[in-house]
Amino acid sequence: MMRLLSVISIVLLWAANVTVAGESTSRHPDQLTLAPLALTLPAPVDTMLSNGIRVLFFENHDVPVVTVTAHVAMGSLYLPPEELAAYDLFSRLWDDGGAGELAPEAFEKRVAALGMNIRATAGHQEGTITAFMAREDLDDGLPLWRDLLLAPRLDADRLDRARAQLVKDLQGINDNPGRLARTWFRRLLHGPDTPGGITHSRESIEAVDRDDLVAIHQRSVQPVRTVIGVAGDLDLTEALARLESLLAGWQGDADLPPLVAWSWQSQSRPGVYLLPGDFEQCHLRLGRSVAGLTHASPDYALARVASFGVGYLRVYYRTRQAGLSYGTATLLDIDPDRAAFIGFGSTRPDQIVELIETVREEIATLATEPLDENELKSSQNFLLGSTLESLETANDVVDSYVSDIVTGRPAGFQRDQVASIQAVTTEDLTRAVSQWIDLGEALVVLVVGEPQGGAASLEALGLGPVTVLEPVRFGY
Amino acid sequence: MYRTSPRLTVAGLVIVLAVCSCSSSPPESDHPPLFDRVEEYRLDNGMLFLLLPRHDVPLVSGRVLVKVGNVDNPEGATGLAHMFEHMAFKGTDAIGVIDVAQERAVLDTISRRGARLAELLSDDDVADSSRVAPLRRELTALEVRAAEFVEPMAWPRTYEAYVNNFNAYTSQDITVYEADLSANNLEVWMLMESERLQVPVFREFYSELEVVKEERRSRTEDNPEGAAGELLKTLAFSRHPYRFPTIGYMEDLERLTPGMIRDFHARYYTPANMVGVLVGDFDPDVARNLIERYFGDIESGPVPAGPQAVEPRPTAQRRGTHRQGEERRLEIAFPGLAVGDPRRPAADLLASVLARDKTSRLDRRLDFEAGVARSIWCSSNGGYLRYPGLFSITVSVMPERTNEEAEALVWEVLQNLVTEPVTDARLDEIRRSYRRSFSFGLQKNADLAELLVKRQAGAGWRDAYRRQARYERVTATEVTELARGLFRPELATVVYLEPASSEDETGGES
């Protein structure tokens with residue numbers, strides 16, 4: 001057997017080692033003949049429980065684990081600014097305050113005893129409760145997950161702790177120039193009292209009580225707004241049977257109004273701003289709101305391609321090559337209901353003016369040197385590859401499809417995105433740039449730090465007078 | 001017309017033997033079956049490849065591990081390994097170069113003038129002299145001149161068109177070049193990685209040095225936690241090069257030269273000192289063929305020796321304070337264990353007993369009971385892979401509480417490990433969570449590739465699953481004895497991060 005195996009190996013080996021006469025190792029990828037990408041997107045099974053809760057399922061027996069996630073349509077997107085502190089605290093307390101019959105410590109001990117992982121988040125457009133456990137622990141682990149979904153205890157003592165931690169996290173902004181830049185830029189771009197620009201105050205955090213959090217849970221976590229994702233080492237029949245036994249009795253409010261994004265107007269304050277601070281570097285944020293671009297836009301895919309091409313292939317490489325910065329770039333920041341074109345980076349105080357000029361120059365150059373075929377190909381490659389990577393595991397597949405449903409995206413959104421990305425042309429990119437990517441009117445420029453030459457050096461940019469901001473001590 | 005290459009035939013016999021040897025040894029039991037598919041494929045020049053085919057999605061994760069890190073930097077050249085990693089993205093003479101000869105001539109001039117700059121900067125008497133500034137200007141002008149002969153950022157921009165993402169990192173012990181790509185572009189990975197390992201061109205050195213200095217400013221000088229971590233290493237290691245920051249000290253960065261980069265490449269980037277890892281959707285036969293074609297010609301060389309310095313066991317506690325920003329943070333570290341130390345699994349479990357989840361001892365005492373901590377981290381060896389590192393505990397301290405309070409509570413918890421030992425039942429819980437996490441980490445190609453890289457850099461890739469088996473054999477008594485011997489005040493290094501406005505003076509400072 002071994003001799004036969006050796007003979008077979010040698011024959012195969014000879015076949016593998018022959019080269020075509022004259023063929024040499026290529027030194028440039030463009031010289032290679034590569035097969036086209038076989039891009040097929042996996043899709044989960046889509047079904048329903050007896051009470052109408054939708055379930056998406058993807059079976060995978062490679063490893064003996066199961067992930068179950070409840071996705072709930074809810075989020076800060078739908079709330080007025082005065083309710084955002086309560087929502088933030090709810091997000092922190094949801095999986096920290098115990099559930100069902102178990103007080104927090106008992107719940108955590110039960111989770112630890114099973115070696116499982118369970119996490120709840122409440123985000124911008126959805127809330128999720130994810131439980132990851134061994135297949136053998138489903139009997140004990142799934143009820144914990146169910147209790148966290150339906151009956152979180154939101155323990156009052158833990159609420160006190162969550163408040164204190166949130167205050168500490170806010171205070172951490174003050175000595176982090178990057179976080180200061182992000183926080184202040186949002187205030188300037190959107191307005192300090194809008195959902196886009198607001199930062200919690202200590203008062204708003206301390207004003208939240210447990211009743212507020214209970215109300216958030218009661219009105220948000222409803223069967224009609226919930227989709228369940230299940231992935232891993234079990235079959236569909238078992239998955240549905242388990243979910244039925246856990247959730248069949250869950251009857252919520254069937255007459256809920258549709259979720260509507262909280263309507264607010266951006267109160268942008270265009271101009272040039274300096275926030276002084278004793279830091280080694282200067283941090284930069286610049287940008288403006290972009291009209292007519294959201295997640296639902298027909299041009300969403302095009303915007304993503306353009307964003308990568310400009311922000312990374314042009315701005316990042318240009319500033320890097322000049323030795324100006326470790327990570328300056330731009331992007332189209334597209335939310336469910338609005339968008340902005342934003343640049344960010346950091347550099348030495350004696351180079352911040354040059355950095356700003358370089359970014360502006362690179363954006364302006366797009367008019368005469370538009371993104372070319374190679375840049376288009378790179379951008380498409382990055383986005384298509386990212387899509388594939390986001391669907392690599394069974395749970396990734398389920399999570400991605402369920403999130404699309406819960407956030408109101410149309411069926412087949414992933415597939416359509418892939419097709420749309422592949423269909424983008426250089427002409428499209430030129431249109432996208434002219435429509436969304438410029439640093440012209442209504443521009444907000446913010447520098448955090450101590451630029452060499454102070455405010456006067458920023459005035460020399462010719463973007464208008466510089467307003468020196470009065471520092472705010474967040475969290476105090 | 002087909003021909004066979006004699007070189008490849010010799011390599012082929014090696015492959016036959018490898019295939020034969022692989023097929024005759026039985027797989028080890030009690031580990032995930034996918035590890036049985038890992039093939040070790042070694043070239044004549046000594047370079048090893050680990051190949052793990054998986055066909056769930058048309059993706060491949062490729063890694064090149066180079067067994068060189070910060071510990072290998074020459075004295076006075078901290079940051080060299082990391083700077084080299086940056087230079088490895090500058091390309092070759094085959095992509096984007098308009099005039100190879102002219103560029104090379106200017107780069108040679110830059111190299112000579114750079115050596116002169118380093119000489120001047122090494123001489124304290126002339127460091128601030130009027131000779132340095134003109135030389136810097138000259139180097140800048142030379143780089144502008146060299147840039148005329150090459151398309152800007154041609155190499156990374158070319159690679160970008162074929163991979164989903166590519167990057168690299170340098171740690172204390174290793175340098176890893178990583179790329180994730182669609183399966184149809186495997187040959188691109190082979191080409192680009194082999195070329196830059198064999199024939200890199202170290203262009204744009206001084207502009208990239210500015211980028212690295214920016215990176216240092218953002219990670220350390222403008223980052224109170226980073227600066228405190230740097231102080232901890234400086235105090236905890238008196239002799240071993242782990243005491244130096246991977247990013248390098250600014251004064252050392254200033255003295256780096258293109259010549260040092262070239263020498264570094266020649267010494268450390270030899271095939272026997274490198275490991276390639278491929279995980280994902282590829283045909284092993286095709287992969288081996290490509291590996292031979294692209295990596296087989298790299299000239300072999302000796303495996304360089306690592307640092308010889310042995311860190312002595314501390315005899316007295318070391319303390320320091322760093323003042324910056326507004327927050328408080330506590331770092332406590334103890335001597336770590338050697339790679340092959342049989343107590344390593346117990347050390348990992350001990351770290352989890354202290355801080356893994358909300359039921360861990362430090363979390364319960366410092367966070368939930370005393371309200372002193374915002375977050376707590378604990379590591380059994382600090383991510384060090386080749387030599388004994390640090391068993392470290394980090395506490396982010398809540399406002400209006402003090403580092404002194406946090407430290408007192410940490411010592412209380414550490415002492416309680418002896419008076420109220422951990423139970424086997426608790427260890428069973430932790431082991432159970434390890435098993436889940438381990439299983440979860442086997443799902444993505446990139447995670448698997450990283451796991452193979454990290455283990456191969458230490459005890460060998462099979463440690464990825466053997467380590468899991470060793471955890472099962474650790475007893476509560478072993479964990480307790482380890483804690484008893486380790487958590488002694490005289491073995492500790494303690495660093496406080498205090499607000500810039502604080503005035504207390506304690507011990508070493510930065």
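Leu390(B), Ser392(B), Thr394(B) and Ser396(B) point one way from strand β11 of chain B, Phe391(B), Ile393(B), Val395(B) and Val397(B) point the other way, and all are buried. Buried means under 20% relative accessible area, exposed over 50%, and partly exposed in between (1.4 Å probe, protein chains only). Strands (E, at least two residues) and helices (H or I, at least four) are DSSP runs, numbered from the N terminus. Strand β11(B) covers residues 390-397, and eight of its eight residues are buried, so the strand is largely enclosed by the rest of the structure.

This is a predicted model, in which local features need pLDDT of at least 70, side-chain atom pairs count only at pLDDT 80 or more, and totals for chains, interfaces and linings use all residues; side-chain values use heavy atoms, with hydrogens and water left out. Residues are numbered from 1 along each chain as its sequence is written, while chains are lettered from A and ligands numbered from 1 in the order in which they are written.

The model scores ipTM 0.88 and pTM 0.90. Chain B has a mean pLDDT of 90, and 92% of its residues reach 70 or more. Here pLDDT is the predictor's confidence in each residue, from 0 to 100. Over residues 1-28 of chain B, pLDDT stays under 50. For that stretch the model has 46 contacts beyond four places in sequence. A contact means heavy atoms within 4.5 Å.

Chain B holds 18 helices and 13 strands. Its radius of gyration is 25 Å, close to the 24 Å that the globule rule gives for 510 residues, so chain B is as compact as a globular protein of that length. The radius is taken over C-alpha atoms, and the rule is 2.2 Å times the number of residues to the power 0.38. The C-alpha trace of chain B spans about 75 × 70 × 35 Å along its principal axes. Of the 510 residues in chain B, 61% are buried. Among contacts in chain B with a separation of 6 or more, 82% come from residues 24 or more positions apart.

Strand β11(B) has antiparallel partners. Strand β9 (residues 328-335) of chain B pairs with β11(B) over eight bridges, in the antiparallel sense. Two strands pair if DSSP finds at least two bridges between them. Ala333(B) has Ser392(B) in β11(B) as its bridge partner. Strand β10 (residues 373-379) of chain B is joined to β11(B) by six bridges, also antiparallel. There, Cys378(B) stands opposite Ile393(B). Glu400(B) lies in the loop between β11 and α14 (403-419) of chain B. Its phi is near 65°, a positive value in a residue other than glycine. Glu400(B) is exposed, with a relative accessible area of 63%.

Chain A contains an open sheet of six strands in the order β10-β11-β9-β12-β8-β13, with mixed pairing. β10 (329-334) and β13 (466-468) of chain A stand at the edges with a single partner strand each, so one side of each is left without a neighbour in the sheet. The twist averages 20° from one strand to the next. Axes are lines fitted to C-alpha atoms, for helices over the stretch in contact, and angles run from 0 to 180 degrees between N-to-C directions. β10(A) pairs with strand β11 (residues 339-347) of chain A over six bridges, in the antiparallel sense. Leu332(A) stands opposite Phe341(A) in β11(A). Helix α6 (residues 177-190) of chain A packs on the sheet, and its direction makes about 25° with that of β9(A).

Another open sheet of six strands in chain A has the order β2-β3-β7-β4-β6-β5, again with mixed pairing. Its edges are β2 (45-48) and β5 (117-122) of chain A. The twist averages 15° from one strand to the next. Four bridges link β2(A) to strand β3 (residues 54-59) of chain A, and the two run antiparallel. Thr47(A) has Val55(A) in β3(A) as its bridge partner. Helix α15 (residues 424-440) of chain B packs on this sheet, touching β4 (65-73) and β6 (126-134) of chain A. The direction of α15(B) makes about 110° with that of β6(A).
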